[in-house]
Amino acid sequence: MDEKIFHLINEQWTNPIFDLFMPTISYSDIWTPFFIIAAIAFLIFGGFRGRAFVFCTILALALSNAAVDPLKHAVERPRPKQVQTVRMIELEKTRPKFLSIFKKPIIRLSTEAERARSGASFPSGHTNNNTVIALCCTIFYRRWGKLYWIIAAAVAYSRIYLGAHWPSDVFATVFLATGETLLILALCELVWQKIVSRRLPEIVARHPRLISSPAS
């Protein structure tokens with residue numbers, strides 16, 4: 001079933017719009033500057049909630065990413081292109097990088113030489129990162145934060161569409177990243193309540209909870 005769904009998404013459910021959209025949303029180098037700008041804006045204009053959101057999100061990303069490579073080595077699941085020929089899409093290389101979205105993407109089949117170039121398939125780093133961000137957005141900003149799940153879902157789907165991961169890799173990574181993020185956020189709140197409250201009582205008195213959200 002996993003392989004069948006992969007081939008449907010990667011080979012049959014394709015169209016020219018997705019051929020440009022999927023690699024664009026999956027190409028993190030294009031979006032990194034925007035994330036940095038957004039983080040700075042939250043730090044400057046977001047008040048205590050915004051600063052707590054940025055701190056917790058960065059911490060959750062760092063800790064969850066620290067587990068990605070060890071898990072890849074432990075599981076050692078081959079990527080689709082490492083075991084068979086898959087449809088691949090690449091963006092043209094441009095400077096600045098976001099200009100690549102205005103170029104026609106390169107569509108080709110994977111080659112034998114590429115089978116040894118990529119790391120293992122599980123977990124998916126892209127899916128992990130966007131699940132972490134989506135969950136943090138939801139917890140801190142509820143109604144508006146939930147909108148980020150649209151982006152996270154699109155990125156997760158793109159990893160299958162582009163032939164980088166099996167569907168089960170993506171689904172399992174979502175659950176893994178969700179569990180890790182909830183644990184990390186719970187630990188952050190515990191540290192705020194038990195340790196920071198003793199050292200910075202005035203700040204904690206003004207903000208009894210590190211992780212709080214507006215009414216939905």
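Two residues are in contact when heavy atoms of theirs lie within 4.5 Å of each other. The legends below describe a predicted model, in which local features need pLDDT of at least 70 and side-chain atom pairs count only at pLDDT 80 or more, while totals for chains, interfaces and linings use all residues. Residues are numbered from 1 along each chain as its sequence is written, and side-chain values use heavy atoms, with hydrogens and water left out.

View 1. Leaving aside its neighbours within four places in sequence, Cys56 is in contact with Phe140, Leu185, Cys188, Leu210 and Ile211. A nonpolar core is a set of buried Ala, Val, Leu, Ile, Met, Phe, Trp, Tyr and Cys residues joined through side-chain atoms within 4.5 Å, where buried means under 20% relative accessible area, exposed means over 50%, and partly exposed lies in between (1.4 Å probe, protein chains only). The largest such core has 23 residues, and of these Cys56 and Leu210 touch the most other members. The elements that give two or more residues to this core are α4 (47-75), α6, α7 and α8; helices (H or I, at least four residues) and strands (E, at least two) are DSSP runs, numbered from the N terminus. Apart from this core lies another, of 12 residues, among them Ile9, Val86, Met88 and Leu162. In soluble globular proteins, nonpolar side chains tend to be buried together.

View 2. A disulfide is a pair of cysteine sulfur atoms within 2.5 Å, and a search of the whole structure finds zero of them.

**View 3. Helix α7 and its surroundings.** Helix α7 (residues 148-161) has 14 residues and reaches 20 Å from its first C-alpha to its last, close to the expected 20 Å, a span defined as 1.5 Å times one less than the number of residues. Among its buried residues are Tyr148, Val155, Arg159 and Tyr161. The buried residues of α7 pack against α1 (2-12), α2 (16-26), α3 (28-45), β1 (87-90), α6 (125-145) and α8 (167-199). The helix is followed by Gly163, whose phi is positive, near 80°.

**View 4. Lys81, a buried lysine.** Lys81 lies in helix α5 (residues 80-83) and is buried, with a relative accessible area of 13%. Leaving aside neighbours within four places in sequence, Lys81 is in contact with Val86, Met88, Ser110, Glu114, Arg115, Ser118 and Gly163.

**View 5. Aromatic rings.** Rings of Phe, Tyr and Trp (its six-membered ring) pair if their centres lie within 6.5 Å, and planes under 30 degrees apart count as stacked, over 60 as edge-to-face and the rest as tilted. By this rule the count comes to 11 aromatic pairs. In one of them, the rings of Phe6 and Trp166 have their centres 5.1 Å apart and their planes at 55°, so the pair is tilted. Because Phe6 lies in helix α1 and Trp166 in the loop between α7 and α8, the pair ties together parts that are 160 residues apart in sequence. Both Phe6 and Trp166 are buried. Elsewhere, Phe42, Phe53, Phe140 and Tyr141 form one aromatic cluster.

**View 6. Salt bridges.** A salt bridge is a side-chain nitrogen of Lys or Arg within 4 Å of a carboxyl oxygen of Asp or Glu, and by this rule the count comes to four. Asp2 forms a salt bridge with Arg77, the closest N and O atoms being 2.9 Å apart; this pair links distant parts of the chain, with Asp2 in helix α1 and Arg77 in the loop between α4 and α5, 75 residues apart. Asp2, Arg77 and Asp169 are linked in a network of salt bridges.
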